[in-house]
Amino acid sequence: MKKTEYLKYIVTFLITAGLFFTIFYVSKVTTDQKTRTVKFEQDTIALNLLSSEVQFSLLNKAGCSVFQTESAFESDLQTVGDRLTYLEKTLGSDNEDVLNLRKYYSLLEMKDYLLVVEQKERCGIETPHLMFFYSSECVDCQKQSYTLSEIRNDHPELRVYAFDYNLDLPAIQTLKTAYKLDGTLPALVVNDKVYNGVQSRESIEKLFPAWKATSKKVEKVETQN
Amino acid sequence: MCKTPGKSRGFVIFLVDMVVQILKYVVIFFGLYIQVFFLLNFLGWGDDNEEAVENMDVTPDELPSVSVIVPCYNEEEGVCRTVESLLSANYPKNKLQILVVDDGSKDRTWDIVQQYVDHPQVKLFTKENGGKYTALNYGLERTTADIVGCLDADSTIHPESIMQSAKTFLADKEAMAVVPAMTVENPKSFVQVVQKIEFESFLYMKKVFGILRSLFVAPGPLTLFRKEVFERLGPYRHGYLGEDLEIAVRMQFNHMKLAYADYSHVYTKGMPTLKTLLKQRVRWTYSFVNNMYDYRAMLLNPRYGHLGLFVLPVTTIGLVLGLLAVPLIVYGLVISFSNYIQPLFLGANPGTLVPHLDPFYFTTGALPILGIITLIFAFGAILIGRALNHERKQKLLSLDILSFLVYPFISAWWTYKTVWKIIRSQQVTWR
């Protein structure tokens, strides 16, 4: 074969390698972009939380009216949570960026929880919430999370603070000690009481008396028709 | 927000995982390499003889004499149509001979062809059954034309095809044989639609092979040869029931070139059922494997140009990969699907399975994107082949292209069957 014919194979190799590495590069850039997006969204949430905290501290009882309407950043927290789960699946839970984002997210959840508690104490505002402890190997935890999603569909004001039992974060350790969690998962904490094992939808809804009132109303309306 | 249950990984599993990942990338790179190589040659690295043939003006005297052998075994249904299409060819009648060789048919083939007994262009022969290659050789012994060829009794030709092939011989002095553009007409069953799409991708592949001087099959439907091919190399051989492959490989082994004629159109029916298709393809694959073994000196041998160095090794490796790739793909699909529906078993309601339309969730992994690019190349080959088909009557894009998605599974199936036959040293039959 002529020398120029051999050249064809080399040129093809270069072009294919170029194509290959371009794809790798594009993939890396877009995935990094996703990580940055999640981080940015978390920063925004942190900013909103901080702003509310500061407002609340500066004004006393007058500060209570600040919290009447918003649950804006609650649904943002949920969206960010979903995206974080997706990133975890794509990049792996060992990925350093993912680990940091998850710790950041857990802390944001706790800040939100503390704010909710303060709102109740200072202003008497009731926000239905619960803590949900899970771990990656626990299949029941998955079941529980689907149950919780269903409840949230009907009661979007419910705040589910989900914490990875095995995440290496001192604040989570504090929670474990505070509620004397023994490692049985899933574990739900509602009104400072711990419930181990998978809870059914009805048993969880029973724990929120405010909902019973509205569901009774709905039943009444239905029977009248 | 729960993760899917993780698995504890030992070091061995980690190692195997890594090897499989590397293999995936190597295979995809290899696949891309082949496609890029073919595409670059197609786009202009080599010369095709299209222009030379188009600009060729010949007088009837300059045209070579052509003999077409029609070997038949129980072809009562199609033999008439085949002969008629030859007789309607736009070629000087006194330079075109048709030899019908009945290879001991048990049906009414012989009776049906008697209608041509007085036709000046047609000669009829009958002999004892001996196989297609014996019928071809029988015809070869009884003709003195410059160009000889074969036409399967279930195929028909476009009126211009003989002229186009003849012009190719005149324009391309190096060409010792000319391969036509084969397509499947009027597909009736789904299996025939799949073959139609497959043959469209072959139009692209054969053009590239023609440019690379790497054609290694001389298909039954109207491949034409200069008669000196048989004078120098001897007659057709059994070739493990693949005499069309064997003669082409033998030619290449002796440094005789085959050319491709884009504008020479012939039409074949394609196997009607999955069973008959598998039987045909097992025959083709069996013949390929055995002939490759006989002519193994050509593999990776630069003396045989692109054919030896690239095309034959790649085709062989492709067969092996096909054996492995399909189970892997099926395995991957099953795993993905079971992961996808897993939430249902854990109590989620079906609404959660609807995928997010948020662009954030579009996949950006390197492997899926490369996989999609490979798929694009595969469909590209079909589209290019279709665009090259000057006689096509349909639009460039049509739904039947999707039928090609089943092709890898069907081709893996016949490859397995061939391997099985070889292992058990079974005889392969025509029908």
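**Exercise 1. Describe the sheet of chain A: how many strands form it, and in what order?**

Solution. Four strands of chain A make up an open sheet with the order 2-1-3-4, and the pairing is mixed. Two strands count as paired if DSSP finds at least two bridges between them. Strands (E, at least two residues) and helices (H or I, at least four) are DSSP runs, numbered from the N terminus. Next, look at the edges: strand 2 and strand 4 (193-196) of chain A each pair on one side only. From one strand to the next, the twist averages 20°.

The model is predicted: local features need pLDDT of at least 70, side-chain atom pairs count only at pLDDT 80 or more, and totals for chains, interfaces and linings use all residues. Residues are numbered from 1 along each chain as its sequence is written, chains are lettered from A and ligands numbered from 1 in the order in which they are written, and side-chain values use heavy atoms, with hydrogens and water left out.

**Exercise 2. State which way strand 1 and strand 3 of chain A run, and find the bridge partner of F132(A).**

Solution. Strand 1 and strand 3 (residues 187-190) of chain A run antiparallel, joined by three bridges. F132(A) has L188(A) in strand 3 of chain A as its bridge partner.

**Exercise 3. Find which strands of chain A helix 3 and helix 4 lie across.**

Solution. Take helix 3 of chain A to begin with: it lies across strand 1 and strand 2 of chain A, at about 140° to strand 2. Helix 4 of chain A lies across strand 1, strand 2 and strand 3, at about 160° to strand 1. Axes are lines fitted to C-alpha atoms, for helices over the stretch in contact (heavy atoms within 4.5 Å). The angles run from 0 to 180 degrees between N-to-C directions.

**Exercise 4. Examine K180(A) and P186(A) in the loop between helix 5 and strand 3 of chain A.**

Solution. The loop between helix 5 (170-178) and strand 3 of chain A holds P186(A). A cis peptide bond, with omega about 0°, joins L185(A) to P186(A). K180(A) is found in the loop between helix 5 and strand 3 of chain A too. Its phi is near 50°, a positive value in a residue other than glycine.

**Exercise 5. Describe the sheet of chain B and the helix that packs on it.**

Solution. Eight strands of chain B form an open sheet in the order 3-2-1-4-7-6-8-5, with mixed pairing. Its edge strands are strand 3 (122-127) and strand 5 (156-157) of chain B. Strand 1 (residues 66-72) and strand 4 (residues 147-150) of chain B run parallel and are joined by four bridges. There, V66(B) stands opposite I147(B). Helix 9 (residues 243-253) of chain B packs on the sheet and touches strand 6 (175-184), strand 7 (224-226) and strand 8 (257-268) of chain B.

**Exercise 6. Characterise the interface of chain A and chain B.**

Solution. Chain A gives 45 residues to the contact and chain B gives 39 residues. The buried area is about 4,100 Å², 70% of it from carbon and sulfur atoms. Buried area is the accessible area (1.4 Å probe) that two parts lose on being put together, summed over both.
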